[in-house]
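Reader: Hello! I would like a close look at a single part of this protein, with the cut-offs spelled out as you go. Could you walk me through one residue and what lies around it?

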Amino acid sequence: MKNLLKFFGIIVVMAVIIFSFGSCSTVSNDWRAQSPETIGIEMVWIPAGTFIMGSPATEKGRDRYRSDEDPQREVTLSGFYMGVYQVTQEQYQAVMGTNPSHFHGGRGREPSEGEIQERRPVENIRWFETLIFANRLSIIEGLSPAYRIYNSTNPDDWGKTPSVHGVEIVAGSSGYRLPTEAQWEYACRAGTTTAFNNGIDDWEDKVGLDPIGWFWFNSRSRTHEVGKKAPNAWGLNDMHGNVWEWCWDRHRGYPSESQTDPTGPSDGAFRVTRGGGYDSDQHARSANRVASSPTKKDRYSKYQGFRLVRPGVGNEQEIE
């Protein structure tokens, strides 16, 4: 009798596991059925313009002996749309079927009082996973996907670990994508030339920085719901702090000549992250840049998230 009960117990456990696995598979494979309205990537128009990219050697907080923020140079950019917020856990879950975030809301990783867990930024993701998200979201919304790998724009054809060195940007595509490094800094600055986009030059000025972002001194060592701090002059939230943001570019030194719509160097093993995170101080400056592995997760991954851009056509002021 005991053996019979044990046998039935094993059958029940196996059935639960199979059912759970099947449910997870259904969620992750049913991304095409999502509604654009339920995902809700809010974007603003970033006008075309020219700015000085990088920082001077005298800027407080940068390492003047090992800096990769110079030479400063003039960069001209076409207009584009940019996400008002960092991509949230709720949005990532809707498209990808999973939430890999370290700050998932479980014990010891809860949101701060009054904040919505699902609206905390997604983090703990690799660079190529942002490409999968971008193409899936483009397909859901009927846009032409921006990325092509293995001669396909359908991320279902890429496998779990696609070759990040074989990624192509599809010319003329209208879909979502990561910002280039130049787009990110231009949008973050929003016309400013100071270390931070609210006119603050001193990274030790906690009173001056508290209104615009989540840093080591006010974050309580955790991420926060997006949009809780004041936006910059172009309406973008959390450009400083909360989570680092993946950019398209490979990490290399800057060229000295002026550029128009640069997309970064053609080779390099690392990709750029920008903006600093909830543990940052001087590293959250507008010009600061960090090289990160696009394929590996490590102890820094829980600080890394992203936001999206879309190309503009003409002089749009809003998305129709």
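Author: Gladly, and let us begin with a term: a residue is called buried when its relative accessible area is under 20%, exposed when over 50%, and partly exposed in between, using a 1.4 Å probe and protein chains only. The model is a predicted one, so local features need pLDDT of at least 70 and side-chain atom pairs count only at pLDDT 80 or more, while totals for chains, interfaces and linings use all residues. Residues are numbered from 1 along each chain as its sequence is written, and side-chain values use heavy atoms, with hydrogens and water left out.

The residue to look at is Asn232. With a relative accessible area of 8%, Asn232 is buried. Its place is the loop between α6 (206–209) and β7 (244–250). Helices here are DSSP runs of H or I with at least four residues, strands are runs of E with at least two, and both are numbered from the N terminus.

Now for the surroundings. Contact means heavy atoms within 4.5 Å. Setting aside neighbours within four places in sequence, Asn232 touches Ala187, Cys188, Ala190, Asn197 and Met239. With Ala187 there is also a polar pairing: a polar atom of the Asn232 side chain lies 2.9 Å from the backbone oxygen of Ala187. A polar contact is a pair of N or O atoms within 3.5 Å; within protein, one must be able to donate a hydrogen and the other to accept it, and residues adjacent in sequence count only if both atoms are side-chain atoms.

Ala187 and Cys188 lead us to helix α5. This helix spans residues 181–189, and nine of its nine residues are buried. Among them are Trp184, Tyr186, Ala187, Cys188 and Arg189. Cys188 has a relative accessibility of 0%. After α5 comes Ala190, with a positive phi near 50°; Ala190 is also one of the contacts of Asn232.

Helix α3 (residues 89–96) is mostly covered, with six of its eight residues buried, including Tyr92, Val95 and Met96. Just after α3, Gly97 has a positive phi of about 80°.

Finally, the wider setting. The protein has six helices and twelve strands, and 50% of its 320 residues are buried. Of the contacts between residues at least 6 apart in sequence, 73% join residues at least 24 apart.
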